[in-house]
Amino acid sequence: MPQKDPCQKQACEIQKCLQANNYMESKCQAVIEELRKCCARYPKGRSLICSGFEKEEEEKQTLKCTPQ
C-alpha cells in the first residue's frame, strides 16, 4: 500500500480555503504558509504535493546564480 503524502492534510486545507473564498489566493496565505512549513520538514522528493514548491525553489536558485 502506498504511503500517504505527509502534507496531504495541508493541501486539502488550501483547496477548502480557495473554494470558500472564490479562489482568491490572497485570502488563503496562512494555509499556504502551513503547507510550505510542512514541505520544509521533509526531504526533497518525499511529498508529491510539495514538488511544486521544490520546483519554485530551484527556479529561484537558478535566477540568483545567473549573472546579470
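**Entry 1: Cys-7 and Cys-38**

I looked up the torsion about the S-S bond of Cys-7 and Cys-38 and found about -95 degrees, so this disulfide is left-handed. The model is a predicted one, in which local features need pLDDT of at least 70 and side-chain atom pairs count only at pLDDT 80 or more, while totals for chains, interfaces and linings use all residues. Residues are numbered from 1 along each chain as its sequence is written, and side-chain values use heavy atoms, with hydrogens and water left out.

The sulfur atoms of Cys-7 and Cys-38 are 2.1 Å apart; I call a pair of cysteine sulfur atoms a disulfide when they lie within 2.5 Å. Cys-7 belongs to the segment before α1 and Cys-38 to helix α2, so the link joins distant parts of the chain, 31 residues apart. For helices I used DSSP runs of H or I with at least four residues, and for strands runs of E with at least two, numbered from the N terminus.

Are Cys-7 and Cys-38 buried or exposed? Cys-7 is buried, with a relative accessible area of 0%, and Cys-38 is buried as well, at 1%. Here buried means under 20% relative accessible area, exposed means over 50%, and partly exposed lies in between (1.4 Å probe, protein chains only).

I next compared the model with a record. UniProt lists a disulfide between Cys-17 and Cys-28, and the distance of 2.1 Å between their sulfur atoms in the model agrees with this. I noted that UniProt positions are given in the numbering used here, that feature names are shortened, and that annotations may be inferred rather than shown by experiment.

Why does this pair tie together parts that are eleven residues apart in sequence? Cys-17 lies in helix α1, whereas Cys-28 lies in the loop between α1 and α2. The torsion about the S-S bond is -100 degrees, and the link of Cys-17 and Cys-28 is left-handed. I found Cys-17 buried at a relative accessible area of 15%, and Cys-28 counts as buried at 1%.

Cys-39 sits in helix α2 and Cys-50 in the loop between α2 and α3, so the bond ties together parts that are eleven residues apart in sequence. With a torsion of about -85 degrees about the S-S bond, the disulfide of Cys-39 and Cys-50 is left-handed. Cys-39 has 10% relative accessibility and counts as buried; Cys-50 is buried at 2%.

**Entry 2: The disulfide pattern**

How many disulfides does the structure hold? I recorded three. When the bonded cysteines are counted along the chain, the pattern is 1-4, 2-3, 5-6. I also looked at Cys-12, which is partly exposed, with a relative accessible area of 37%.

**Entry 3: The largest nonpolar core**

I then asked which residues make up the largest nonpolar core. The core has eleven residues in all: Cys-7, Ile-14, Cys-17, Leu-18, Cys-28, Ile-32, Leu-35, Cys-38, Cys-39, Cys-50 and Phe-53. By a nonpolar core I mean a set of buried Ala, Val, Leu, Ile, Met, Phe, Trp, Tyr and Cys residues joined through side-chain atoms within 4.5 Å. Helices α1 (8-20) and α2 each supply at least two residues of this core, and α2 gives the most, with four residues.

Leaving aside neighbours within four places in sequence, Leu-18 is in contact (heavy atoms within 4.5 Å) with Tyr-23, Met-24, Glu-25 and Cys-28.

**Entry 4: Ser-47**

Where is Ser-47 found? I located Ser-47 in the loop between α2 (29-40) and α3 (51-65). Ser-47 is buried, with a relative accessible area of 3%. The side chains of Ser-47 and Asp-5 are joined by a polar contact of 2.6 Å. A polar contact is a pair of N or O atoms within 3.5 Å; within protein, one must be able to donate a hydrogen and the other to accept it, and residues adjacent in sequence count only if both atoms are side-chain atoms.

Neighbours within four places in sequence aside, I listed Asp-5, Pro-6 and Cys-7 as the contacts of Ser-47.
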